[in-house]
Amino acid sequence: GSPTDILTGLSLALHVRSKSLHTAQSIQSTATVLQALSALAAAEPTRTVAEVLEAPLLSGTPGTGVPGLIRAIRDSESRLGEYPLTLAVLSLVETLLQHGGLGDKLEALVDHVLQEIAVRHVQWRYRHKAEKWIVHAAVQRIIYQIFTPRRGDFAIRLRDKVLSYLINDKAICFGSFAPLVYDAASLRKLHEEGGAPRTEEVTALEDAIATVLRSIPLIVFHAGDNFGGVLERMLLIETSNKGAPFASSIASYAGYPYAAACFPLALPALVPLCAAAMAVPMAATLDRQDRAEILSSMQHMFKHADLDAVSDIADLLSAGIANQPEWVAALLVPEKEREEERPASLPAPTASSALAAPTTPTNALAPTTPTPSTPPLPTKTKKNVEGALALVWDILEDTTKIRSQSPRCLAALLRMLDALWRRQPLLIESIQTLKVKDVELWKRLAT
């Protein structure tokens with residue numbers, strides 16, 4: 001008989017098309033069917049799992065992969081250099097996770113996403129280079145959905161399983177954070193090369209970086225006391241082949257000059273890392289250039305009175321004060337502020353060069369041309385570089401405005417000041433800069 005509704009009809013069409021995926025036309029038409037099913041899955045997630053995931057293309061068992069998809073990528077999409085089918089499957093998985101279509105059949109697809117696509121997509125052949133990062137962004141959106149808190153035994157078990165992959169499997173962890181290989185200096189270099197194809201690629205890369213930054217707070221929060229292993233090492237110590245840790249790239253995005261999606265997400269991604277990195281000194285993870293990028297971002301956000309961003313900054317400082325006082329001290333009162341008190345005969349310290357782009361286990365992720373180091377930051381002793389405390393002092397001049405526009409921001413600033421006061425004597429030098437303004441500070445906070 002005829003299908004009872006559209007979902008059943010499309011499911012039958014997918015079953016039929018799964019048996020022949022040898023031409024560009026068959027790949028595209030099957031991807032179109034999956035795109036339509038993805039839209040329907042939002043309304044009927046349970047039925048979609050029961051009917052659609054039985055198709056030969058999508059059926060598999062947890063831990064053993066999805067043979068139909070592996071063959072489609074290897075025999076068809078890789079040969080064509082285009083991946084519409086893979087992107088359609090990723091969209092379907094994301095939709096099912098978001099709308100509650102859970103179960104063992106979906107778990108097999110999630111395993112395929114992490115064990116096959118996340119690990120191998122950087123090595124695929126692409127007709128359009130931007131598609132590499134479009135695929136990665138789709139993978140990372142699935143990771144984001146997995147770590148978004150949801151009730152239910154399956155959702156919890158799936159989060160724990162994927163966290164175990166990230167902590168214990170080097171290839172999966174690196175593949176999941178692959179775009180972070182490109183720090184801000186590398187992105188600037190790609191922008192400077194120009195041209196329409198390059199612009200498209202850089203935009204896709206920036207979007208992929210943004211999806212990673214969105215996921216990091218959720219991943220670290222869920223890890224809790226289990227944060228460690230490969231995940232901790234790559235984020236805070238070093239990537240493969242002794243490359244700079246991904247935290248260094250994250251810090252560099254804070255001062256990224258372009259209006260990219262990744263710029264406002266950099267500092268929020270560093271907050272949980274500061275809280276989780278008690279065993280790893282952030283002063284060793286993030287060097288002087290990284291701190292300069294963060295300070296530059298802070299100055300920009302305070303200057304434009306972006307109160308949501310100021311809240312993120314206050315949360316970052318609070319986490320740093322509580323867990324990484326040595327590192328955060330250089331943000332609260334930078335060395336250049338202290339130079340005003342130096343005798344004129346003492347030389348000013350020089351800034352270190354920017355980190356080169358992190359190395360990778362394969363050449364698939366390496367920038368197309370070597371990225372030259374950016375020039376050192378200026379070290380003029382007469383020019384004052386405002387630290388975080390000076391910026392906080394200035395913005396507290398009008399607490400009435402902050403209270404009316406963003407109570408969250410005022411609360412975050414007060415938490416930061418409270419944490420700072422509790423950190424005596426470790427941060428006594430920073431605290432002294434406020435104590436000399438003691439009366440005025442309390443006037444500002446009380447109005």
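Me: Why are α1 and α2 called roughly antiparallel to each other?
Reply: The axes of α1 (residues 6-17) and α2 (residues 24-41) cross at roughly 150°. Angles run from 0 to 180 degrees between N-to-C directions, with axes fitted to C-alpha atoms over the stretch in contact. Under 35 degrees counts as roughly parallel, over 145 as roughly antiparallel, 65 to 115 as roughly perpendicular, and the rest as oblique. So α1 and α2 land in the roughly antiparallel class. Their axes come within 10 Å, and the crossing is left-handed (near helix turned anticlockwise from the far one by less than a right angle; clockwise would be right-handed).

Before going on: this is a predicted model, where local features need pLDDT of at least 70 and side-chain atom pairs count only at pLDDT 80 or more, while totals for chains, interfaces and linings use all residues. Residues are numbered from 1 along each chain as its sequence is written, and side-chain values use heavy atoms, with hydrogens and water left out.

Me: Which residues make the contact between α1 and α2?
Reply: Contact means heavy atoms within 4.5 Å. From α1 you get Ile6, Leu7, Leu10, Ser11, Leu14 and Arg17, which meet Ser29, Thr30, Val33, Leu34, Ala36, Leu37 and Leu40 of α2. That's 9 nonpolar, 3 polar and 1 charged residues (nonpolar is Ala, Val, Leu, Ile, Met, Phe, Trp, Tyr, Cys and Pro; charged is Asp, Glu, Lys and Arg; the others, Gly among them, are polar).

Me: What makes up the contact of α13 with α16, by class?
Reply: Here α13 (residues 246-253) and α16 (residues 288-303) pack at about 35°, with axes 7 Å apart. Ser248, Ala251 and Ser252 of α13 face Asp290, Glu293 and Ile294 of α16. Sorted by class, the contact has 2 nonpolar, 2 polar and 2 charged residues.

Me: What counts as a helix, and how many are there in the protein chain?
Reply: Helices are DSSP runs of H or I, at least four residues, while strands are runs of E, at least two, numbered from the N terminus. On that basis the protein chain has 24 helices and 0 strands.

Me: Why is Leu427 called buried?
Reply: Leu427 has a relative accessible area of 3%. Buried means under 20%, exposed over 50%, and partly exposed in between (1.4 Å probe, protein chains only). Leu427 is therefore buried, even though it lies in the loop between α22 and α23. Leaving out residues up to four places away in sequence, it touches Ile321, Pro325, Val328, Ala329, Leu332 and Leu420. In α18, Pro325, Val328, Ala329 and Leu332 are among the buried residues, and 6 of that helix's 8 residues are buried.

Me: Then why is Gly63 called partly exposed?
Reply: Gly63 has a relative accessible area of 49%, so it falls in the partly exposed class. It sits in the loop between α3 (45-51) and α4 (67-80), and it touches Asp111, Gln115 and Lys161, residues up to four places away in sequence not counted.

Me: How do you know that the span of α22 is close to what's expected?
Reply: The expected span is 1.5 Å times one less than the number of residues. With 15 residues, α22 (residues 407-421) reaches 21 Å from its first C-alpha to its last, close to the expected 21 Å. Its buried residues include Cys409, Leu413 and Leu420, and α17, α18 and α24 are among the helices covering them.
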